[in-house]
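Hello,

I am handing over the structure we talked about, and my notes follow below it. Please have a look at it before you read on.

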Amino acid sequence: MRISELRLLDIVNIKDGRRLGPIKDLDLDLERGVVKGVVIPGASRSWGIFGGGRSEDILVPWDRVKKIGVDVILVDAQDIPEFNNDPDER
């Protein structure tokens, strides 16, 4: 599978089945030649035109990637603070 194909897949949290978004980037350790994690765009904020936009990108460590399928990438985002909020609380 190519990186360009990975960017087309949705990332899904296995904890609650929630779609987290597409891969925005990969975090690489070039010295060791390993993937450190996947970068996901932060959640969008609705503060109007002056404060709106997206929050900071979120790094999901590579050891949290549990399965790469043909349609989705399954990750365990249980202990990642940005994903621990209940979607109904927003």
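**What turned up**

D27 is partly exposed, with 23% relative accessible area; that label covers values between buried (under 20%) and exposed (over 50%), using a 1.4 Å probe and protein chains only. Its side chain meets that of K36 in a salt bridge, 4.0 Å from N to O. Here a salt bridge means a side-chain nitrogen of Lys or Arg within 4 Å of a carboxyl oxygen of Asp or Glu. K36 is partly exposed too, at 42%.

A word on the source: this is a predicted model, where local features need pLDDT of at least 70 and side-chain atom pairs count only at pLDDT 80 or more, while totals for chains, interfaces and linings use all residues. Residues are numbered from 1 along each chain as its sequence is written, and side-chain values use heavy atoms, leaving out hydrogens and water.

The structure has five salt bridges. Among them is the one between R18 and D16, at 3.3 Å from N to O. R18 is buried, at 14% relative accessibility, whereas D16 is partly exposed, at 39%. Another joins D10 and R19 at 3.0 Å, N to O, and D10 is partly exposed at 27%.

As for the overall fold, the protein has one helix and nine strands (DSSP runs, numbered from the N terminus: helices are H or I with at least four residues, strands are E with at least two). Of the 90 residues, 29% count as buried.

Best wishes
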